[in-house]
Amino acid sequence: MRGMQISLDHPLLSRIVDDLATRGWSQHDLFLPAPLTRALAAECRRRAAEGELAPCGGVGRGPAQEVREGIRNDHIQWLEPGDSDACDQYLGLMDGLREAMNRGLFLGLEDFECHFALYPPGGFYRKHLDRFRDDDRRMVSAVIYLNEDWLPEHGGQLRMTLKDNVEHDVQPTGGCLVVFLSGEIPTKCCRPTASGCRSPAGSVGAATSPSSMHKVLVSACLLGQPVRYDGRASGHPDVLQGWQREGRVVPLCPEVAGGLPTPRPPAEIPGGQGSAVLEGQARVVTVAGEDVTAPFVQGAHLALALVQRHAIRVAVLKSGSPSCGNRLTYDGTFSGTRVEGEGVTTALLRRAGVQVFSELELDAAVQALDALDA
């Protein structure tokens, strides 16, 4: 097996991550190299000619498949490592994208699955969310088109319903990639007038957790990830390890998610009040006086989006941080003086009804989760 590798620092992957963070979707018309596009298209059509692609009347895979009559009528076959050199190259690219999303968005994506899809003339996939109603493991979906000679009159566009019900059509030209948050952006396939390959389609998911188990947002540095301002982590308590094994944890560093580098200059809030930053009455500044309010606020809103996506009601965040502090923060003089206050992310999450604890209050956090699970 020989997968195609792509650097996690590649500008294209960075743009995809940024697009997902800011608007929930990303489109790139020339993502796949032309030779790989041709090789995948040829394999898809060969499999179809040999009867390997099966009609699909539902969604999902294997025992988890849901039959939904009238939803779609394309023909599909799931990809497996070792199927062919072309498939392995594609799977390598997708794994690189998964790792980039984990590093940039801390989504905790653990696996992905992909399939070929062939649409006959008049084929369709009606408007839907690309996620099961009772299972939030599918977080990100991706579609790559393999139609080298596509023309507008061939149809088959992917129609996305974006914010404020704005519709955006993706033209199914060969090599085009579209990535979107599975549970937030409805899509449909417009009826093609000619047979076309929308493939491989794929989805990326996180670890399984029982539907009755409440998830918890955790500062990434507390999970051993070196994302603090000084480039270090802050430990990995046994309680957090247990939650990870259970599939509860949704990790995030709001400052890195907001676009700040690691390492980075220390920053504080003059007065120490994150709520004042949200209201435009205070700033977040570095020790050199640089205003970094915007990435701190953006990171806070990304944390709120994760909380809303996973119905999170408990968070464990880093104590003392200008983003994550829940009781004390530094006063903005960079003298080590602490004041009663909360970080920017903590302030926004509390406004949404989230209980925020620090790593020093894990017993209380455990009790809060136990009460929710009861």
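**Entry 1: the model.** I am working with a predicted model.

**Entry 2: helix 2 and helix 3.** I looked up how these two helices meet. Helix 2 covers residues 34-49, and helix 3 covers residues 85-105. Their axes come within 9 Å. I noted a crossing angle of roughly 120°. Angles of 65 to 115 degrees would count as roughly perpendicular, and those over 145 as roughly antiparallel. Helix 2 and helix 3 are therefore oblique to each other. I also noted the hand of the crossing, which is left-handed.

**Entry 3: the residues in that contact.** Which residues of helix 2 meet helix 3? I found L36, A39, L40, E43 and R47 on the helix 2 side. On the helix 3 side I listed A86, C87, Q89, Y90 and L93. I then sorted the residues of this contact by type: seven are nonpolar, one is polar and two are charged.

**Entry 4: strand 9 and strand 10.** I moved on to strand 9, residues 158-161. Strand 10 spans residues 167-170 and runs antiparallel to strand 9. How many bridges join strand 9 to strand 10? I counted four. R159 stands opposite D169 in strand 10. The two strands form a hairpin, with five residues between them. In the turn I picked out D164, which has a positive phi of about 60°.

**Entry 5: strand 9 and strand 12.** Strand 9 also pairs with strand 12, residues 187-189. I found three bridges here, and the strands run antiparallel. L158 stands opposite C189 in strand 12.

Notes. Residues numbered from 1 in each chain as written. Predicted model: local features only at pLDDT ≥ 70, side-chain atom pairs only at ≥ 80, totals over all residues. Heavy atoms only, no water. Axes fitted to C-alpha atoms, helices over the stretch in contact; angles between N-to-C directions. Parallel < 35°, antiparallel > 145°, perpendicular 65-115°, else oblique. Left-handed = near helix turned anticlockwise from the far one by under 90°. Contact = heavy atoms within 4.5 Å. Nonpolar A, V, L, I, M, F, W, Y, C, P; charged D, E, K, R; others polar. Pairing = 2+ DSSP bridges.
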